[in-house]
Amino acid sequence: MAFFCDLFCTFIAMNLMYNFTAHIVYSLLNIYGLFNKKIQLFVSGRKKTFEKLSILKKTDKVIWIHAASLGEFEQARPIIEEIHKNYTSYKIVITFFSPSGYEIQKDYALADVTCYLPFDTRAKVKKFLEVTHPELVIIVKYEFWPTLLSELKKQSITTILVSGIFRNTQQFFKSSGGWMRKALNTFDHFFVQDQTSRELLASIDLTNSSVCGDTRIDRAFAIL
């Protein structure tokens with residue numbers, strides 16, 4: 001019993017430390033943005049996120065796709081096109097982490113809203129999910145934000161990873177990676193690129209995965 005109490009306390013402490021650090025980092029980025037154009041876009045763009053989301057209504061059905069940057073967006077694009085064609089009653093929200101993705105695709109025609117992913121603090125994550133109220137969340141390749149994933153799990157929002165790829169050097173697969181492994185338990189299913197990724201997930205008791213390849217190949221075929 002003492003072991004589990006210690007483990008629980010460690011988990012709580014890690015969460016509190018992470019959220020505190022996230023607030024500090026965000027404050028520092030606001031300052032650093034005064035001297036760096038890309039960081040300035042990263043910070044100022046996020047200040048408009050909830051303004052852009054204001055077009056959503058409580059009655060809207062929403063599918064949310066998150067891509068870290070432009071490369072991940074290209075992987076998401078074939079999926080977005082299929083959603084747009086086959087699920088016409090749903091609003092599509094696309095978020096980016098990086099300015100290099102957002103600035104190029106901010107006017108993407110198939111999205112109802114394109115915006116930055118809010119910084120990973122508890123208050124911002126809760127507000128984002130309250131406004132978007134997605135029925136399905138699709139995360140592309142990677143982007144494992146602990147606060148976001150924890151809240152998705154808490155709210156029982158269906159979450160999948162597409163074109164996922166894992167390496168044994170990642171923290172999830174190390175003895176010290178228990179806190180990060182917990183974040184992976186959020187996902188209802190992992191659609192991974194290769195068998196190695198599937199086996200790595202199985203090694204930490206995550207068997208809800210399928211090998212489906214890289215959706216960027218679908219995008220390349222479409223372009224050809």
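Reader: Why is Phe-144 called buried?
Author: This is a predicted model, so each value is computed from it. Phe-144 has a relative accessible area of 12%. Buried means under 20%. The value of 12% falls under that cut-off, so Phe-144 is buried.

Reader: How do you know whether Phe-172 is buried or exposed?
Author: Use the same cut-off, under 20% for buried. Phe-172 has 4% relative accessibility, so Phe-172 counts as buried.

Reader: How many aromatic pairs does the structure hold?
Author: There are 14.

Reader: What makes Phe-144 and Phe-172 a pair, and of which kind?
Author: Ring centres must lie within 6.5 Å, and planes over 60 degrees apart count as edge-to-face. Here the centres are 5.1 Å apart, so the rings pair. The planes stand at 85°, so the pair is edge-to-face.

Reader: Where in the chain do Phe-144 and Phe-172 lie?
Author: Phe-144 is in the loop between strand S4 (136–140) and helix H7 (146–154). Phe-172 is in the loop between strand S5 (158–164) and helix H8 (178–184). They are 28 residues apart, and the pair links distant parts of the chain.

Reader: What kind of pair do Phe-166 and Phe-173 form?
Author: Their centres are 6.0 Å apart, with 90° between the planes. The distance is within 6.5 Å and the angle is over 60 degrees, so this is an edge-to-face pair. Phe-166 is buried, at 0% relative accessible area. Phe-173 is buried too, at 19%.

Reader: Which residues do ring pairs link into a cluster?
Author: The cluster holds Phe-144, Phe-166, Phe-172, Phe-173, Phe-187 and Phe-190.

Reader: How do you know where the charged end of Lys-127 sits?
Author: The charged end of Lys-127 is 4.4 Å from the ring centre of Phe-50 and sits over that ring. The distance limit is 6 Å. Arg-46 makes such a contact with Phe-97, where the charged end sits over the ring, 5.1 Å from its centre.

Reader: What makes the phi of Glu-143 worth a remark?
Author: Glu-143 has a positive phi of about 115° although it is not a glycine. Glu-143 lies in the loop between S4 and H7. At 11% relative accessibility, Glu-143 counts as buried.

Reader: What is the phi of Ser-163, and where is Ser-163 found?
Author: Ser-163 has a positive phi of about 55° and is not a glycine. Ser-163 is in strand S5. Its relative accessibility is 2%, so Ser-163 is buried.

Reader: Why is S5 called largely enclosed?
Author: Six of the seven residues of S5 are buried, so S5 is largely enclosed by the rest of the structure.

Reader: How do you know that S4 and S5 pair?
Author: Two strands need at least two bridges to pair. S4 and S5 have five, so they pair, and they do so in the parallel sense. Val-140 stands opposite Val-162 in S5.

Reader: How many bridges join S1 to strand S2?
Author: Seven bridges join S1 to S2 (residues 90–96), and the strands run parallel. Trp-64 stands opposite Val-93 in S2. S1 is mostly covered, with six of its seven residues buried.

Reader: Why does Asp-60 count as buried?
Author: Asp-60 has 15% relative accessibility, and buried means under 20%, so Asp-60 counts as buried. Asp-60 is in the loop between helix H3 (49–53) and strand S1 (61–67).

Reader: What lies 2.7 Å from a polar atom of the side chain of Asp-60?
Author: The backbone nitrogen of Lys-57 does. Beyond residues up to four places away in sequence, Asp-60 touches Ile-55, Lys-91 and His-133.

Reader: What makes the link between the side chains of His-189 and Ser-210 a polar contact?
Author: A polar contact needs N or O atoms within 3.5 Å, and this one is 2.7 Å, so the distance qualifies. His-189 is in strand S6 (residues 189–192).

Reader: How far apart are His-189 and Thr-159?
Author: They are 30 residues apart in sequence and 7.2 Å apart in space, C-alpha to C-alpha. Thr-159 is one of the residues in contact with His-189.

Key:
Residues numbered from 1 in each chain as written. Predicted model: local features only at pLDDT ≥ 70, side-chain atom pairs only at ≥ 80, totals over all residues. Heavy atoms only, no water. Helix = DSSP H or I, 4+ residues; strand = E, 2+ residues; numbered from the N terminus. Buried < 20%, exposed > 50% of the residue type's maximum accessible area, 1.4 Å probe, protein only. Polar contact = N/O pair within 3.5 Å; in protein donor to acceptor, adjacent residues only side chain to side chain. Contact = heavy atoms within 4.5 Å. Phe/Tyr/Trp six-rings, centres within 6.5 Å; stacked < 30°, edge-to-face > 60°. Lys NZ or Arg CZ within 6 Å of the ring centre and 35° of its normal.
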